[in-house]
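Student: I would like to learn how to read a structure like the one shown here. Could we go through it feature by feature?

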Amino acid sequence: MDSPAPHIRPDLDSLPAYVPGRDFPGAIKLASNETTLGPLPEVAAAVAEAVTTANRYPDNGARALVTALSEFLGVPPHHVAVGCGSVSLCQELVQLTCDEGDEVVFAWRSFEAYPIVTRVAGAVPVQVPLDADFGHDLPAMLDAITDRTRLVFVCNPNNPTGRSLGRAELEKFLDAVPAHVVVALDEAYFEYHRWADPAEGTDGVALARGRANVVVLRTFSKAYGLAGIRVGYAVADPAIVTALSKVHIPFSVSAPAQAAAIASLAASDALLARTDGVVAERDRVRTGLVEAGYTVPDSDANFVYLPLGERSSAYADAAAQAGLLLRPYGNDGVRVTVGDPHENDRFLAFAATAEVRTL
Ligand code: PMP
């Protein structure tokens with residue numbers, strides 16, 4: 001007699017697993033918004049040192065890292081939580097806000113993990129189309145909030161389109177969201193944002209001050225170059241920080257990860273100086289693409305977006321043939337991470353060829 005198959009939630013059948021950027025040896029990887037430069041020597045040394053005590057569990061509360069973040073950000077330590085990448089904090093926020101059937105509102109397209117973590121928690125994703133300029137349509141997001149809404153993700157700058165929000169519209173939105181609905185300002189690409197006028201700055205940590213329902217999410221994966229080591233953080237009201245600690249997978253931020261993040265904060269001047277080079281290259285890549293005839297939305301992140309519609313997957317396949325890994329998004333567009341000047345030259349040369357432009 002056949003033994004019955006183990007029971008697995010049937011609703012997972014229709015849920016796609018998170019699909020990471022492709023990779024193959026020798027390829028130029030412009031698919032995952034990583035940095036091209038590796039960790040600083042002092043960061044690598046801190047990781048090596050932390051590995052020597054890998055027989056012990058890490059500090060579950062990451063107290064030294066929380067203290068370092070609190071000093072770096074100018075917020076009290078009990079407003080800071082860390083997670084195994086900010087993606088785990090996204091998941092934890094859904095878990096701590098939503099019961100089954102509750103709703104999570106976010107723009108679409110945006111970060112691909114939002115619908116996944118929502119559905120895994122048994123909650124319902126409510127996707128609000130981007131506006132014509134590929135940015136968040138905040139009035140429509142406000143309209144999408146119902147009695148069942150528990151959480152809103154605002155991705156600023158938005159992945160994958162790179163568009164960001166102005167201060168006045170963001171503040172107006174935050175003021176209008178009902179106080180019991182948590183708003184997660186996902187600022188994974190914050191460090192690549194440059195404001196012509198500092199008064200226009202949308203630093204979520206400043207915006208969250210005095211707003212008990214606003215959570216800021218940031219990561220060490222992008223500007224700090226630690227994608228492989230998995231650390232992100234949240235800045236929030238202590239009630240949310242306490243709830244995060246309850247849904248957190250114990251010990252999921254390893255000791256080497258905590259050490260790497262502390263050493264990176266200590267070296268933040270050097271690491272943030274690297275972002276200037278990425279920003280200059282981003283603007284060069286965008287200009288090159290526009291000159292080659294592409295439509296390219298302005299980007300405040302370390303990538304640019306090509307709204308190629310139905311041509312998107314053929315375009316990414318042709319790039320892969322040419323040794324360039326890009327990130328296609330269904331029939332919407334292709335995201336291209338800004339690499340180093342040589343990598344960007346390779347991509348621009350690919351993009352400029354006549355056959356490719358008409359793909
Ligand atoms: N938020 C956004 C908008 C992202 O693009 C990413 C990474 N792609 C994350 C969060 C998660 O980053 P990590 O888990 O590496 O910190």
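**Loops, sheets and domains**

Tutor: Pro160 lies in the loop between S5 and helix H6 (167–176). Helices (H or I, at least four residues) and strands (E, at least two) are DSSP runs, numbered from the N terminus. Residues are numbered from 1 along each chain as its sequence is written. This is a predicted model, in which local features need pLDDT of at least 70, side-chain atom pairs count only at pLDDT 80 or more, and totals for chains, interfaces and linings use all residues.

Student: Which residue does a cis peptide bond join to Pro160?

Tutor: Asn159 is joined to Pro160 by a cis peptide bond, with omega about 15°. Another cis peptide bond joins Trp108 and Arg109, where omega is about 10°. Arg109 sits in the loop between S3 and helix H4 (113–120).

Student: What is the phi of Phe134?

Tutor: Phi of Phe134 is near 70°, a positive value in a residue other than glycine. Phe134 belongs to the loop between S4 and helix H5 (138–143).

Student: In what order do the 7 strands of the open sheet stand?

Tutor: Pairing comes before order: two strands pair if DSSP finds at least two bridges between them. Here the order is S2-S8-S7-S6-S5-S3-S4, and the pairing is mixed. Strand S2 (80–83) and strand S4 (124–129) are the edge strands, each pairing on one side only. On average, neighbouring strands of this sheet are turned by 25° against each other, direction ignored. For such angles, axes are lines fitted to C-alpha atoms, for helices over the stretch in contact, and angles run from 0 to 180 degrees between N-to-C directions.

Student: In which sense do S3 and S5 pair?

Tutor: Strand S3 (residues 103–108) and strand S5 (residues 149–155) pair in the parallel sense, over 4 bridges. Within this pair, Val104 stands opposite Leu151 in S5.

Student: Which strands does helix H2 lie across?

Tutor: Contact is defined by distance: two residues are in contact if their C-beta atoms, placed from the backbone, lie within 7 Å. Helix H2 (residues 63–73) lies across S2 and strand S8 (232–235), and runs at about 125° to S2. Helix H8 (residues 238–247) also packs on the sheet, touching S2, strand S6 (182–186), strand S7 (214–219) and S8. The direction of H8 makes about 25° with that of S2.

Student: What is the order of the open sheet of 3 strands?

Tutor: Its order is S9-S12-S11, with antiparallel pairing. S9 and S11 stand at the edges with a single partner strand each, so one side of each has no neighbour in the sheet. S11 and S12 pair over 3 bridges, and Tyr329 stands opposite Gly333 in S12.

Student: How is the protein chain divided into domains?

Tutor: Domain bounds come from an automatic or database domain assignment. Here they give domain 1 (10–30 + 269–357) and domain 2 (41–267). The C-alpha centres of the two domains lie 24 Å apart. The contact takes 24 residues from domain 1 and 25 residues from domain 2.

Student: Which element gives the most to the side of domain 1 that touches domain 2?

Tutor: H10 gives the most, with 7 residues.

Student: Which residues come nearest to the ligand?

Tutor: A residue is near a molecule or strand if its C-beta atom, placed from the backbone, lies within 6 Å of it. Of the 13 residues around the ligand, Gly85, Val87, Ala188, Thr219 and Ser221 come nearest.
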